[in-house]
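I opened this notebook to record what I looked up in one protein model, entry by entry.

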Amino acid sequence: DGIELLHEIRAKKDNPNSSKPALVLTANAVAGARGEYLAAGFDGYMSKPIDDILLGQMLLKHLPSNLVTLSDEKKSRPADIVIPPEYASLEGIDAGEGIKNCGSVQSYKPILDIFYNSIIPKSEELDRCFAAGDWKLYTIGVHALKSSARIVGAQDLSDKAFALEMAGKDNVIDYIKNYHEDLMTDYRNFRTVLHDLCEVRKVSDDRDKKPADADIISKLYREIYDSADAFDYDGIEEALEEADRYKMPEEDEKIFDELRNSFDIVDYEKITDLLGTKV
């Protein structure tokens with residue numbers, strides 16, 4: 001974890017970063033967390049979601065003055081957020097908090113889509129860990145769920161995931177066994193809550209599309225692979241949008257469908273695995 005990493009960095013005196021300031025960014029926003037991290041040796045603490053103004057102030061505190069050029073431009077905090085009607089009645093989600101976390105309505109929708117598309121694979125992964133008694137991997141999974149739920153504004157779900165994360169860290173397995181199904185029920189219910197907003201699949205008519213030849217398909221595969229390898233979300237999106245303009249051979253269409261599904265949950269590793277023999 002972050003504390004262990006910091007101790008490793010500090011212990012290696014030949015490491016050029018051994019004495020550099022270390023700031024911790026964490027979803028662990030409970031009382032006492034700041035003191036715990038500072039006592040462990042961190043020079044600053046910030047909880048997620050990121051407040052860019054506070055982050056800027058923290059960086060200014062620790063960066064050498066000769067490396068900083070201040071702008072006269074003032075950045076103000078956003079005014080009261082106007083919540084679009086389609087977000088206002090989402091059960092279990094505080095859309096205003098989610099929009100604030102993401103910075104804008106435009107930024108919120110893609111994050112909400114990722115949260116929605118991740119529900120089935122991530123809940124199945126947690127179920128597998130639970131059934132296998134793999135509490136270490138289970139704890140990592142509920143930690144990730146805690147963060148993603150909090151970002152979109154599903155605070156109650158985030159709190160339940162956090163309680164299970166703490167149980168996993170403290171090896172309180174009975175608590176996990178008692179409350180795992182409760183978490184999974186609430187988590188999967190968001191498939192219903194978000195269905196009308198997020199379940200949008202373009203139904204395309206291939207009749208007017210130009211058939212894709214081998215060179216085009218090879219180029220698209222390469223662009224998607226390279227973008228996934230570089231964690232380039234926009235690059236993958238652009239390549240998939242270009243692929244939608246062509247009629248694909250049946251075998252390649254199945255691969256592109258799998259690529260789109262993996263892209264929906266931002267699974268870069270799955271994308272590169274799918275294309276490993278194609279590039």
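The entries below follow the order in which I looked things up.

**Ground rules.** I noted that this is a predicted model, in which local features need pLDDT of at least 70 and side-chain atom pairs count only at pLDDT 80 or more, while totals for chains, interfaces and linings use all residues. Residues are numbered from 1 along each chain as its sequence is written, and side-chain values use heavy atoms, with hydrogens and water left out.

**Confidence.** I looked up pLDDT, the predictor's confidence in each residue on a scale from 0 to 100, and found a chain mean of 87, with 90% of the residues reaching 70 or more. Confidence is lowest in helix α3 (residues 52-62), at a mean of 78, and highest in α9, at 95.

**Fold.** I recorded 13 helices and four strands for the protein chain, both taken as DSSP runs numbered from the N terminus (helices H or I, at least four residues; strands E, at least two). Of the 279 residues, 35% count as buried, where buried means under 20% relative accessible area, exposed over 50% and partly exposed in between, with a 1.4 Å probe and protein chains only. With contact meaning heavy atoms within 4.5 Å, residues 24 or more positions apart account for 56% of the contacts that have a separation of 6 or more.

**Cores.** I next looked for nonpolar cores, that is, sets of buried Ala, Val, Leu, Ile, Met, Phe, Trp, Tyr and Cys residues joined through side-chain atoms within 4.5 Å. The largest has 34 residues, and those with the most contacts inside it are Y108, L112, F115, L157, F190 and L194. Helices α5 (95-102), α6 (105-132), α7 (135-152), α8 (155-169) and α9 (173-198) each supply at least two residues of this core, and its largest share, 10 residues, comes from α9. I then followed F190, which, not counting residues up to four places away in sequence, touches E91, G92, I93, F115, Y116, I119, A154 and L157. A second, separate core of 21 residues includes A228, F263, Y268 and I271.

**Aromatic rings.** For ring pairs I used Phe, Tyr and Trp (its six-membered ring) with centres within 6.5 Å, planes under 30 degrees apart counting as stacked, over 60 as edge-to-face and the rest as tilted. By this rule the count comes to 12 aromatic pairs. Y233 and F263 make a tilted pair, 4.6 Å centre to centre with 35° between the planes. Because Y233 lies in helix α11 (residues 233-243) and F263 in helix α12 (residues 250-264), this pair ties together parts that are 30 residues apart in sequence. Y233 is partly exposed at 26% relative accessibility, whereas F263 is buried at 9%. I also noted one aromatic cluster formed by Y37, F42 and Y45.

**A charge over a ring.** Here the rule asks for NZ of Lys or CZ of Arg within 6 Å of the ring centre and within 35 degrees of the ring normal. The charged end of R191 sits over the ring of Y116, 4.2 Å from its centre.

**Salt bridges.** How many salt bridges does the structure hold? I found 16, each a side-chain nitrogen of Lys or Arg within 4 Å of a carboxyl oxygen of Asp or Glu.

- D186 and K160 meet at 2.3 Å, N to O, and this pair links distant parts of the chain, with D186 in helix α9 and K160 in helix α8, 26 residues apart. D186 is partly exposed at 26%, as is K160 at 32%.
- E165 and K169 meet at 3.1 Å, N to O; being four residues apart in helix α8, they are separated by about one helical turn. E165 is buried at 2% relative accessible area, while K169 is exposed at 53%.
- K278 and E251 have their closest N and O atoms 3.8 Å apart, and they link the segment after α13 (268-274) with helix α12, 27 residues apart. K278 is partly exposed at 30%, and E251 is exposed at 56%.
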